[in-house]
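Hi,

Here is the structure I promised to hand over. Please open it first, then read my notes below.

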Amino acid sequence: LRDGKEMDIEVETVSPNDTIVLRPGERVPVDGEVLSGESAIDESMLTGESLAVAKTVGDRVIGGTVNLTGSVRYRATTLGSDSVLSQIVKLMRDAQGSRAPIQRLADKVSGIFVPVVMSIAIATFVAWFVLADSAPMVRAFAAAVAVLIIACPCAMGLAVPTAVMVSTGKGAELGVLIKGGEALQRAGDLTTVAMDKTGTVTEGRPTVTDVVLVPGGPAADETRLLRLTASLERSSEHPLADAIVRYAKDRGIELAAVESFTTTTGKGLSGTIEGVPVTAGNEAMLQDGGVDVAALRADAERLAGQGKTPVYVSVGGRPAGLLAIADPIKATSREAIAQLGRLGLDVILLTGDNERTANAIAREAGIGRVVAGVLPEGKVAELKRLQAGGKVVAMVGDGINDAPALAQADVGMAVGTGTDIAAEAADVVLMRGDLRSVVEAVRLSRRTMRTMKQNLFWAFIYNVIGIPIAAGALYPMLGLLLSPILASLAMAFSSVSVVANSLRLRGFRATG
């Protein structure tokens with residue numbers, strides 16, 4: 001609104017303190033504060049919480065989130081680079097830029113190895129030239145060349161990249177896309193795995209989990225209760241309504257027409273179905289209609305304690321039952337978290353959702369520690385705290401809100417079914433959207449690191465043994481002098497042995 005008139009303008013031209021009209025279904029263009037109206041806004045991109053957040057006068061709305069139900073007017077506050085979404089992007093870039101590269105063992109050894117070999121070759125040439133009893137130049141040259149050939153660091157140079165190549169290929173076969181050797185190496189050193197809740201541990205889609213009937217109430221059975229409730233909720237755009245309607249349709253329940261439909265923001269809705277008044281919503285909604293919900297209160301409190309959202313239903317002015325809605329955990333989450341524990345890793349649930357829901361999900365999934373109610377900057381701060389304590393931390397997430405934490409973590413793992421920005425910020429992409437892929441990534445990394453160390457060990461031992469022989473260490477005792485041709489064969493054999501050992505990674509098997 002400008003000068004009291006409503007007009008459409010480009011987002012870039014919005015100024016601080018402009019009044020913006022936000023209609024149902026529209027994306028919030030810029031951050032601001034609600035001046036009038038009430039609505040429910042999907043903030044899952046920011047907090048990860050799957051259920052919409054009620055907004056009323058004085059509440060803050062954030063650019064990029066989605067308005068679901070009501071129409072509101074709000075005052076624009078932070079714009080451009082100061083907006084919450086821009087700050088998330090900045091956090092991600094800062095975290096990526098501050099990551100120090102890991103110096104591989106092979107690089108350290110090679111930095112010393114090459115000048116040492118050159119020195120040995122020169123010393124061998126001088127020794128043979130001075131001490132040889134016949135043809136000193138020929139013998140000195142042959143011995144020096146044999147030293148250089150047998151010491152060619154091919155095996156040492158192949159030790160790491162061949163293992164990385166085979167391992168990343170095997171990971172891709174298992175649905176684990178690893179972005180290079182550094183991420184592969186860091187994954188083997190992990191001590192802690194932090195993971196988001198919504199879409200990572202849970203399905204990321206609310207559904208009906210429980211149906212409770214009032215004994216002797218107006219709904220004869222669950223089908224009747226579901227039919228009436230879903231018929232009513234079909235006229236609503238609320239995420240809880242969608243979960244109820246979807247649940248009823250999945251069970252083949254035919255919905256009925258609704259008359260006199262009304263909705264009360266933040267409470268629920270009511271209407272007449274087949275001549276009978278039906279109300280669905282929270283406890284306050286039914287109490288406002290004079291319905292006594294005492295018969296349902298104990299069940300509602302029990303379900304709420306499990307992190308579920310109870311929806312009360314009355315039929316004909318009498319309590320009929322309630323439906324519990326929650327975002328259920330994935331079928332494989334508990335098994336995967338138990339496997340991470342057996343690998344010696346600490347698991348932390350790091351979520352923007354409320355503490356009660358987070359604790360309920362953690363108990364069900366078998367996670368011992370929960371950090372709830374944190375926004376993206378809070379997740380980054382928690383990871384920094386863990387890293388300052390000497391922990392090597394992985395972050396598993398799927399949303400825009402997880403991107404800064406994925407970048408800050410020593411190893412960021414993005415669920416492939418999530419957002420593109422999360423996948424971009426991560427070091428590992430889990431294509432299956434299954435936490436068992438985290439287990440496979442860690443196991444594959446540890447197996448690969450063992451293979452790398454074996455490769456480097458054999459390459460080093462080969463040189464330790466081969467260089468003295470090539471230099472003529474056995475000549476005084478056995479009269480044995482290694483020719484450059486035999487030295488080249490031995491060098492090739494060492495390279496082949498390293499490649500063959502790396503190829504053994506192709507036999508890695510998934511546990512799930």
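**Strand S15 and its partners**

Strand S14 (residues 309–315) and S15 run antiparallel, joined by seven bridges. Strands here are DSSP runs (E, at least two residues), numbered from the N terminus. Two strands pair if DSSP finds at least two bridges between them. Ser314 has Pro319 in S15 as its bridge partner. The hairpin of S14 and S15 has two residues between the strands, and Gly316 takes a positive phi near 65° there.

S15 also meets strand S10 (residues 207–213): six bridges, again antiparallel. Leu213 stands opposite Gly321 in S15.

Is S15 (residues 318–326) largely enclosed or open? Eight of its nine residues are buried, so S15 is largely enclosed by the rest of the structure. Buried means under 20% relative accessible area (exposed is over 50%, partly exposed in between; 1.4 Å probe, protein chains only).

**Strand S2**

S2 (residues 32–37) pairs with strand S5 (residues 60–61) over two bridges, in the antiparallel sense. Gly32 has Val61 in S5 as its bridge partner. S2 also pairs with strand S7 (residues 72–76), antiparallel, over five bridges. There, Glu33 partners Arg75.

**How to read this**

The model is predicted: local features need pLDDT of at least 70, side-chain atom pairs count only at pLDDT 80 or more, and totals for chains, interfaces and linings use all residues. Residues are numbered from 1 along each chain as its sequence is written, and side-chain values use heavy atoms, with hydrogens and water left out.

Best wishes

Terms used:
Helices (H or I, at least four residues) and strands (E, at least two) are DSSP runs, numbered from the N terminus.
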